[in-house]
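Subject: Structure handover and findings

Dear colleague,

Please find the structure below. The notes that follow set out what was found in it.

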Amino acid sequence: MDPKDTGAPVLSDRVQINGIVVPLTLTAGGQLRWPDRCLSIEKDVLGFVVEGSRIKIKAVIESGAGICCAGDGGAPLRKTFTFEPLSEDSLRLWNQRLQAVLDSLGRPKKLFVLLNPYGGKRSASKIFLDDVKPLLDDANIHYTLQETKYRLHAKEVAHSLDLLSYDGVLCVSGDGILVEVVNGLLEREDWSSAIKMPLGVIPAGTSNGMAKSLLDSVGESCTAFNATLAIIRGHTRSLDVATVSQGQKRFFSVLMLAWGLVADIDIESEKYRWMGSARMDFYAIQRIFCLRRYHGCIKFLAAPGYENFGEPLELEGEINELNSNRVQQNCYCGPAFDMKGFNRKIEGPFVSIWLHNVPWGGENVLAAPDAKFADGYLDLVVMKDCSKLSLLALMSDLNKGGHVRSPHVLYLKVKAFVLEPGPRSDDPNKEGIIDADGEVLARGRGAYKSEQRTLMAYDKLHIEVDQGLATVFSPVC
Ligand SMILES: Nc1ncnc2c1ncn2[C@@H]1O[C@H](COP(=O)(O)OP(=O)(O)OP(=O)(O)O)[C@@H](O)[C@H]1O
């Protein structure tokens, strides 16, 4: 039984279920009980409709769930329970009381849905129709659906959306659309209120790291059904946002930043897109056998407990440079915190630098097992040198997060970070790629598709974390 449930009835009456008259009780703790079933309004009930003299309760139950209030953990299923009050007065009363309990839960009533029809296996529209829409309809949630028509369309929409008309923005996509929405919201003049809009993500892309991180944190599998349920139930959590800056240019990241091996695999494997999800593994093996190392330097403000990583550093110039770039802008410019402790550095060459905000980088990549959604830190995974065989073993451990325990890997938490990327150690004319949240933020000379323009130059970048700046819909235990 729900521990909050006092058991005291707020409405108890005789109703007809399947042609038999039975007692039905709604308790103060939000349970709806009749002789062979008990539903928790908060956990099991999505919504209800009145059809003629009947009330239809739209619920989700665990498959194979027991009779009363205890499921056995099977996959959830939609199910409708119908009952018929014996008088019109009783019907009205049930309608009012059930609605009052649902209203008290603070669930979203109107959502703006962004759907990328070209994400992942181009299945977002089908996922929406099969898994998301039926649940939203059961929950009586109204929505406006907007398909994204081009790159950065979602950012434009988020930049101008009338946020007062919605209780949340839902992305039926991979991580890319969510990141565009965050960037669009933070470039608004009203960014400080706009970024509080709860954001939801339904896994429908190639990389679904945010959906996986949220669902896995409560032991749920990463499915569109589970993600939609979490959004309908309306619980939220705060999410750190990292500001990547170079001069006046800004990119707001909620997932990760990579340079070196991980970035090269992520971006260059696009040429093998026809292979589907196997493309990453295939290209990773290629990259490991022809391993690149990059000259460069990283500087950081370590989280408490991680101050012994790297070498000591004085960083006065960096602080002044960063603060002088935070002027005359109407949008969000990144957190302004005291950077006096910014005093560690590690010199290259590096095999890989990987910063992570949430644990999962994709559904099979547990990049940063200790990452927390709103601890105010990024998890930094540094690899300087490693034999090819150890690297292969390490990459195959990524789905369990075992790589961070390797003696070849430094794993720590940072509050702020400076990346000074350099050329490849085997060829000074070739530089690398900086990958932020799956998009190419900067490409160096001689790198893959180096003729294409990017937001930033392959040069020094600053990254700072703003604790819990954004809000995401999240399942609860
Ligand atoms: N109609 C469109 N045509 C082309 N690109 C689009 C369209 N809509 C969105 N995009 C771009 O697709 C990118 C990836 O989107 P999303 O994250 O949904 O998919 P993904 O499958 O995880 O990513 P990818 O397919 O690039 O690996 C977005 O950043 C966005 O800029």
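Predicted model: local features only at pLDDT ≥ 70, side-chain atom pairs only at ≥ 80, totals over all residues.

How far does a backbone N or O atom of Gly 174 lie from an oxygen atom of the ligand? The distance is 2.8 Å. Residues are numbered from 1 along each chain as its sequence is written, and side-chain values use heavy atoms, with hydrogens and water left out.

**Ligand surroundings**

The ligand is surrounded by 20 residues (a residue counts if one of its heavy atoms lies within 4 Å). Gly 120, Thr 148, Gly 176, Glu 180 and Thr 206 are the closest. A polar backbone atom of Thr 206 is 2.7 Å from an oxygen atom of the ligand. For Ser 207, a backbone N or O atom lies 3.2 Å from a ligand oxygen atom.

**Helix packing**

Two packed helices are described by the angle between their axes and the distance between the axes. Helices here are DSSP runs (H or I, at least four residues), numbered from the N terminus. Axes are lines fitted to C-alpha atoms over the stretch in contact, and angles run from 0 to 180 degrees between N-to-C directions.

Glu 180, listed above among the closest residues to the ligand, also belongs to the contact of H4 with H5. The axes of H4 (residues 153-160) and H5 (residues 175-186) come within 7 Å and cross at roughly 35°. On the H4 side the contact (heavy atoms within 4.5 Å) includes His 153 and Lys 155, and on the H5 side Ile 177 and Asn 183.

H10 (residues 278-289) packs against H12 (residues 388-396) at about 160°, with the axes 9 Å apart. H10 is therefore roughly antiparallel to H12 (angles over 145 degrees). Ala 284, Ile 285, Ile 288 and Phe 289 of H10 meet Lys 388, Leu 391, Leu 392 and Met 395 of H12.

H9 (residues 261-268) packs against H10 at an angle of about 130°, their axes being 9 Å apart. Among the residues in contact are Leu 261 and Asp 264 of H9, and Arg 279 and Ala 284 of H10. Ala 284 also takes part in the contact of H10 with H12.

Yours sincerely

Methods. Helix = DSSP H or I, 4+ residues; strand = E, 2+ residues; numbered from the N terminus. Parallel < 35°, antiparallel > 145°, perpendicular 65-115°, else oblique. Polar contact = N/O pair within 3.5 Å; in protein donor to acceptor, adjacent residues only side chain to side chain.
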